[in-house]
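User: Hi! Could you walk me through this one with me? I'd like to start with the aromatics.

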Amino acid sequence: MEYVLAIKLTEFSAIFLVSIIGWFTGHFFGSLLALGSLMLIRKFSGGIHFSNLTICVFLQRYYV
């Protein structure tokens, strides 16, 4: 149960961080589109796995 909550928290915080950064830079909808595309690709390809979910949240925003 803790793992599932951590995964959901990671997803929410990635969406939140990308939304805030996109809003500040004036590319809100483009940022969400890029994040959605990345999440869809990762769902089918497996993506990169880090040992810590916090690292994943902060590194994920640099790939968008």
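Analyst: Happy to; we'll go through the aromatic pairs, then the helix and its surface. Keep in mind that this is a predicted model.

User: Great. How many aromatic pairs turn up in the whole structure?

Analyst: The search finds three aromatic pairs. In one of them, the ring centres of Phe12 and Phe16 are 6.3 Å apart and the planes sit at 20°, under the 30 degrees cut-off, so that pair is stacked.

User: Where do Phe12 and Phe16 sit relative to each other in helix 1?

Analyst: They are four residues apart in helix 1, which covers residues 2-25, so about one helical turn separates them. As a general point, an α-helix has 3.6 residues a turn, so residues three or four places apart point the same way.

User: And is Phe12 buried or exposed?

Analyst: Phe12 counts as exposed because its relative accessibility is 56%, and the cut-off for exposed is over 50%. Phe16 has 47%, so Phe16 counts as partly exposed.

User: What about Trp23 and Phe24, how are their rings arranged?

Analyst: Their ring centres are 5.2 Å apart with the planes at 55°, so this pair is tilted. Both Trp23 and Phe24 are exposed.

User: Switching to the surface: which residues make the nonpolar patch?

Analyst: Leu9, Phe12, Phe16, Ile20, Trp23 and Phe24 make it, and the patch has an area of about 750 Å².

User: OK, and which residues of helix 1 are buried?

Analyst: Those are Thr10, Ser13, Ala14, Val18, Ser19 and Gly22.

User: What span should helix 1 have, and what do its end C-alpha atoms give?

Analyst: With 24 residues at 1.5 Å a residue, helix 1 should span 34 Å. Its end C-alpha atoms are 34 Å apart, which agrees.

User: Nice. What happens just after helix 1?

Analyst: Gly26 comes there, and it takes a positive phi of about 85°.

User: Last one, back to Phe16: what separates its C-alpha atom from that of Leu32?

Analyst: The two C-alpha atoms are separated by 9.8 Å, while Phe16 and Leu32 are 16 residues apart along the chain. Phe16 itself lies in helix 1.

Key:
Residues numbered from 1 in each chain as written. Predicted model: local features only at pLDDT ≥ 70, side-chain atom pairs only at ≥ 80, totals over all residues. Heavy atoms only, no water. Phe/Tyr/Trp six-rings, centres within 6.5 Å; stacked < 30°, edge-to-face > 60°. Helix = DSSP H or I, 4+ residues; strand = E, 2+ residues; numbered from the N terminus. Buried < 20%, exposed > 50% of the residue type's maximum accessible area, 1.4 Å probe, protein only. Expected span 1.5 Å × (residues − 1). Patch = residues over 30% accessible without salt bridge, like charges linked within 9 Å, V, L, I, M, F, W, Y side chains within 5 Å. Areas by Shrake-Rupley, 256 points an atom, 1.4 Å probe, with all protein chains shown as cover. Salt bridge = Lys/Arg side-chain N within 4 Å of Asp/Glu carboxyl O.
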